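Please look over the structure below. The report that follows walks through selected parts of it.

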Amino acid sequence: MKYRILGTAVVAALTAGASVAEEVRVYNWSDYIDESLLEKFETETGIDLIYDVFDSNEVLETKLLAGGSGYDVVVPSGTFLQRQITAGAFQKLDAAKLSNMGNMWDTINDRLKKYDPEGAYAINYMWGTTGIGVNINKVKEALGDDAPVDSLSLVLDPANMEKLADCGVHFLDAPAEIIPATLAYIGEDPDSQDPDVIAKTEPVLTAIAPFVQKFHSSEYINALANGDICVAIGWSGDILQARDRAAEADNGVEIEYYAPKEGALMWFDNMAIPVDAPNPDGAHKFLNFIMDAQNMAAASNYVYYANGNKASQEFLVEDVIGDVAIYPDAATLENLYTTSPYGPKVQRAVTRMWTKIKSGT
């Protein structure tokens, strides 16, 4: 890049601007991209990529709503995206800078309208379900061959959890996912916003909490793969990663994933640009890079999640596109639900309840 030398002050200003323009800061979920793509982006654009990770929507939201996060691209899930759009946390995307937008999948875009009605603020990165990962041999050893591995009763019935405690159970540290699942289990609307209905989950979760080894949103991947735990409520792709890591290690651990028969949450992780992003132009370049069909396929082939890019599907390996745990069949899709963000008052009550459940006080 060349600059005209107009004077010391101007040169200093241009140099400072160039320094910012040559850097893009991305804040994404942990274990969520093929890192060779990060190097490829730098090589193709000449932009330095600063890539940080988080493991809960709550952590990301705290940074965003405080302002001045310093990030150019962030990856909130659907309900959090909707709430953050309302709060003015994001800037609208400039379609003129996103030549690969046509690669995106209309079916997923339509579902995302629940969170981003005009499709103005975000692109889908990955989507999947929240379900149950089991070390099938250890679970059958604890509960017998008829263990209800495809039912939330596996983890929400205290009689089962007491028997599973010895081999280890992890839950997502994500009330926006665990509470709707519990509502589905007890026959209530998983998208309920009624505090009295939501409160019905407290005794259910309080009863099984003592048997949960850890509430964490990423450690269960390695714990499942290594055989350190036998059950996790987690995200589909994470559990499939654990399955494949165990298979590669040939350690005798056999992991299976189930979308609960009571219904499973369909979630969407989406890339958006904060309203105060230091380098929005570079952010658009990163989004356009990700929307390239082969790049998005490389990401899905690495993390074993479905993506919102229709054009990428011809480049997906059969283990991804042909696995109904990743790209569900029609019957499973019909049994998936989505949720809306809690309002501020309900969110405060949910946060208090979740803290109480985890602490046992």
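## Helices α11 and α18

The crossing of α11 and α18 is right-handed. This is a predicted model. Helix α11 covers residues 201-208, and helix α18 covers residues 344-359. Their axes lie 9 Å apart and meet at an angle of about 25°. Angles under 35 degrees count as roughly parallel, and α11 and α18 are therefore roughly parallel to each other.

Which residues make the contact? From α11 come T201, E202, L205 and T206. From α18 come M353, W354, K356 and I357. By class, the contact of α11 with α18 has four nonpolar residues, two polar ones and two charged ones.

## Helix α4, an enclosed element

Helix α4 runs over residues 78-86. Seven of its nine residues are buried, so α4 is largely enclosed by the rest of the structure. The buried residues are G78, T79, F80, L81, R83, Q84 and I85.

What do these buried residues pack against? Their partners are α3 (57-66), β4, α9 (175-185), β9 (264-272) and α18. Just after α4 comes G88, with a positive phi of about 80°.

## Helix α3 against helix α4

Two packed helices are described by the angle between their axes and the distance between the axes. For α3 and α4, the angle is about 10° and the axes are 11 Å apart. That makes α3 roughly parallel to α4.

On the α3 side, the contact uses N57, E58, E61, L64 and L65. On the α4 side, it uses F80, R83 and Q84. The residues of this contact divide into three nonpolar, two polar and three charged. F80, R83 and Q84 are also among the buried residues of α4.

## The disulfide

How many disulfides does the structure hold? It holds one. A disulfide is a covalent bond between the sulfur atoms of two cysteines. Here the pair is C167 and C230, with their sulfur atoms 2.0 Å apart. The torsion about the S-S bond of C167 and C230 is about 55°, so the disulfide is right-handed.

C167 sits in the loop between α8 (158-164) and β5 (169-171). C230 sits in the loop between α12 (220-226) and β7 (231-235). The pair therefore ties together parts that are 63 residues apart in sequence. C167 and C230 are both buried.

N135 belongs to strand β4, residues 122-135. Is N135 buried or exposed? Its relative accessibility is 3%, so N135 counts as buried. Leaving aside neighbours within four places in sequence, N135 is in contact with L224, G227, I229, C230, V253, E254 and I255. One of these, C230, is a partner in the disulfide.

E23 belongs to strand β1, residues 23-29. At 26% relative accessibility, E23 counts as partly exposed. E23 and N100 are 77 residues apart along the chain, and their C-alpha atoms are separated by 22 Å.

## I290 in helix α14

I290 is found in helix α14, residues 280-290. Its relative accessible area is 1%, so I290 is buried. With neighbours within four places in sequence left aside, I290 touches I33, Y125, M271, N295 and M296. The C-alpha atoms of I290 and E177 are separated by 27 Å. Along the chain, I290 and E177 are 113 residues apart.

## Positive phi outside glycine

D250 is not a glycine, yet it has a positive phi of about 50°. Its place is the loop between α13 (236-249) and β8 (255-258). At 69% relative accessibility, D250 counts as exposed.

Y304 is not a glycine either, and its phi is positive at about 60°. Y304 lies in the loop between α15 (293-303) and β10 (306-307). At 13% relative accessibility, Y304 counts as buried.

Note on methods: Residues are numbered from 1 along each chain as its sequence is written. This is a predicted model: local features need pLDDT of at least 70, side-chain atom pairs count only at pLDDT 80 or more; totals for chains, interfaces and linings use all residues. Side-chain values use heavy atoms; hydrogens and water are left out. Axes are lines fitted to C-alpha atoms, for helices over the stretch in contact, and angles run from 0 to 180 degrees between N-to-C directions. Helices (H or I, at least four residues) and strands (E, at least two) are DSSP runs, numbered from the N terminus. Angles under 35 degrees count as roughly parallel, over 145 as roughly antiparallel, 65 to 115 as roughly perpendicular and the rest as oblique. A crossing is left-handed if the near helix is turned anticlockwise from the far one by less than a right angle, and right-handed if clockwise. Contact means heavy atoms within 4.5 Å. Ala, Val, Leu, Ile, Met, Phe, Trp, Tyr, Cys and Pro count as nonpolar, Asp, Glu, Lys and Arg as charged, and the others, Gly among them, as polar. Buried means under 20% relative accessible area, exposed over 50%, partly exposed in between (1.4 Å probe, protein chains only). A disulfide is a pair of cysteine sulfur atoms within 2.5 Å.
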